[in-house]
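Take a look, then come back for the notes.

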Amino acid sequence: MEGQELPYVLIDCIRGKHGVHEDYVEFLEKHFHLITMKEYLENKEFLSEKIRAIFMWYHRPVITAELLQTLPNLKIVASSGMGIDHLDLDLLSSYGVKLSNTPFVVSTDTADLGMALMLACSRRLVEGYQMAVSPDTEYFPSDWLGSEVSGMTLGIVGMGTTGYKVAQRAKAFEMKILYHNRHQRNKEEESAVGATYCKKIDDLLQQSDFVLLSVSLTPQTHKLIGKRELELMKPTATLINISRGLAVDQDALVEALQNKIIKAAGLDVTYPEPLPRDHPLLKLKNVLITPHIGGATKKTHRLMMENMVESIQASLAGLPVPNEVLL
Amino acid sequence: MGGGELPGLLVNEIGGIHGILYLITMKEFIENRKHMSKKIQAIYLWWHKPVIDQELLQSLPNLKVIANSGVGMDHLDLKLIASFGVKMANCPHAVSTSTADTGMALLLASARRLVEGYHIVISSCMEYCEASFLGAEVTGATLGIIGMGSIGYKIALRAKAFEMNILYHNRTRRKEQEEQAVGATYCEKIDDLLRQADFVMVVVSLTPQTHKLIGKREMELMKPTATLINISRGAVVDQEALVTALQTGVIRAAALDVTYPEPLPRDHTLLKLKNVIITPHLGIRTDKAAYMITEEAVENILAALNGLPIPNEVLPS
């Protein structure tokens with residue numbers, strides 16, 4: 001191995017939301033020769049043949065046909081996180097480039113965030129905080145109330161790894177759990193969390209106090225929750241979205257919230273991210289939005305990065321690729 | 001002016017108890033003391049009002065019971081009240097679930113930086129949104145519960161579902177089955193809990209023994225990466241020591257549902273610190289809890305008025 005060059009891996013940049021964390025650079029440079037997009041663009045001629053992998057963090061760098069054309073030796077794109085809806089799978093396949101993601105690592109933190117949003121929304125935590133620190137506050141009104149979480153009905157739409165972890169947590173809050181999924185889970189899995197299958201999403205929507213979306217984004221789940229679905233929900237219900245902004249018809253959601261068709265929403269994801277500064281969702285009092293932090297903890301980011309390194313190394317060594325997404 | 005048949009219940013303001021008791025507000029009482037004073041057989045406290053003092057007790061010869069709408073009794077002089085032969089009761093069952101939920105809400109909001117995150121989303125500064133924003137893991141972290149009464153135990157039940165490692169410190173140790181059911185380990189010495197916990201949750205009642213229970217010493221024992229969550233009473237934490245600890249990185253963050261006083265003066269340092277979430281005593285502020293509290297209080301009142309054992313009597317100890 002002496003004298004052999006480390007494989008060249010393309011990244012977007014270092015630091016920032018879409019950049020590689022500074023703390024990871026040392027570790028990464030033990031295994032790879034990192035090339036930022038900026039460096040690549042400045043030296044395309046030399047670098048284009050060298051690059052054998054792309055380390056994609058929070059959907060950057062953006063993969064286009066143009067980029068793929070200029071990287072003849074590209075073997076794999078390792079994408080951080082669970083979602084792959086930001087990628088053109090056919091395009092990658094046509095260039096014979098493999099794809100990996102990090103599906104399981106983020107699921108726990110994302111489930112935790114789902115619970116955090118549900119609790120924060122129903123107990124009006126952010127509003128309460130604002131009241132507690134506002135210079136105008138003289139006292140806390142005795143009739144200022146939120147609503148209960150424990151004992152209420154939670155409808156989970158999408159009971160994959162993340163959805164199931166939400167159910168496990170919600171069970172401890174003595175919530176009644178309904179779920180809707182492409183396939184029904186087996187009896188042991190259902191009884192372990194006390195979940196009841198709703199073959200028709202309508203049944204779930206009509207009974208739930210909280211509707212939590214944890215689906216992957218596919219053509220079938222695009223705008224899964226629209227005007228019709230929102231109108232089926234209880235007027236006292238809260239929508240929690242920890243999947244993708246596009247799983248919800250955002251315009252219909254704005255209308256539903258404005259007209260009190262549903263009570264509130266907690267969104268970790270929107271479309272686009274971030275929302276334009278004048279978007280109505282940012283102004284509604286009954287909406288809590290967080291900046292796509294579902295998997296954003298130090299530990300999970302570190303694990304994601306390590307998983308991605310493993311996937312890249314396996315691919316370059318011609319070995320089976322962990323977390324490969326079959327195209 | 002009626003009220004002759006139903007027992008008179010003194011309340012601070014109208015709370016919504018109809019048909020069983022005749023409600024008298026403090027305002028009505030003060031305006032018509034002579035007539036009302038003998039009719040009042042019970043007082044229903046809502047958010048610690050009306051204030052119970054010697055003068056009030058002396059003016060109510062037929063007062064039998066004071067029913068508190070929460071669980072904390074630290075705002076009452078129990079011995080004084082008992083000396084007038086008046087019984088006292090609180091509402092422990094109605095509050096425990098809502099308060100446990102509040103504890104978990106604060107733990108999660110603080111760990112995952114929800115409030116900060118929200119402000120980034122609505123800020124007009126686009127650059128901000130591009131910053132890498134990381135929180136602390138909750139699942140698998142160590143939770144230290146100080147005060148494992150019914151509220152503390154409900155927190156343990158919830159934390160277990162997040163696969164948290166649970167330590168607890170309490171006046172008395174719980175039974176083995178209770179410990180096993182939530183996977184909790186007893187720390188006889190509070191120091192052991194403080195040294196190991198990633199999240200320290202304070203769930204004690206305020207007594208002379210728990211006053212400033214968490215002070216400079218305790219915070220210095222905590223990990224510098226730890227978060228302090230207080231859902232009991234402001235006075236259980238040495239607030240000045242907390243400010244220092246937060247400013248100097250002795251602990252990472254705090255989430256306070258209770259402070260001393262409530263609300264804090266508007267220029268208080270705690271309101272300005274970035275690593276603190278303060279909430280307006282959310283503990284029992286839900287529609288369901290409010291209803292259950294009233295139900296429980298009415299039960300207590302009716303039992304007292306009928307000379308029956310009071311379900312949630314509180315004795316001066």
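## Ground rules

This is a predicted model, where local features need pLDDT of at least 70, side-chain atom pairs count only at pLDDT 80 or more, and totals for chains, interfaces and linings use all residues. Residues are numbered from 1 along each chain as its sequence is written, chains are lettered from A and ligands numbered from 1 in the order in which they are written, and side-chain values use heavy atoms, leaving out hydrogens and water.

## Chain A overall

Chain A carries 13 helices and twelve strands (DSSP runs numbered from the N terminus: H or I of at least four residues for helices, E of at least two for strands). Its radius of gyration is 22 Å, close to the 20 Å that the globule rule gives for 327 residues, so chain A is as compact as a globular protein of that length. That radius is taken over C-alpha atoms, and the rule is 2.2 Å times the number of residues to the power 0.38. Along the principal axes, the C-alpha trace of chain A spans about 70 × 55 × 30 Å.

Buried residues make up 57% of the 327 in chain A (buried is under 20% relative accessible area, exposed over 50%, partly exposed in between, with a 1.4 Å probe and protein chains only). Of the chain A contacts with a separation of 6 or more, 64% join residues 24 or more positions apart; contact means heavy atoms within 4.5 Å.

## The nonpolar cores

A nonpolar core here is a set of buried Ala, Val, Leu, Ile, Met, Phe, Trp, Tyr and Cys residues joined through side-chain atoms within 4.5 Å. The largest one has 72 residues, and those touching the most other members are A:Leu154, B:Leu143, B:Ile145, B:Ile155, B:Met164 and B:Phe199. Helix α6 (residues 107–122) of chain A supplies the largest share of this core, nine residues.

Leaving out neighbours within four places in sequence, the contacts of B:Leu143 include B:Leu107, B:Ala159 and B:Met201. A second, separate core has 37 residues, among them B:Ile146 and B:Val237.

## Two residues up close

A:Gln250 sits in helix α12 (residues 250–258) of chain A and counts as buried because its relative accessibility is 11%. Beyond residues up to four places away in sequence, A:Gln250 touches A:Thr270, A:Tyr271, A:Leu275, A:His279 and A:Leu281.

A:Ser48 is in the loop between α3 (44–47) and β3 (51–56) of chain A. With a relative accessible area of 12%, A:Ser48 is buried too.
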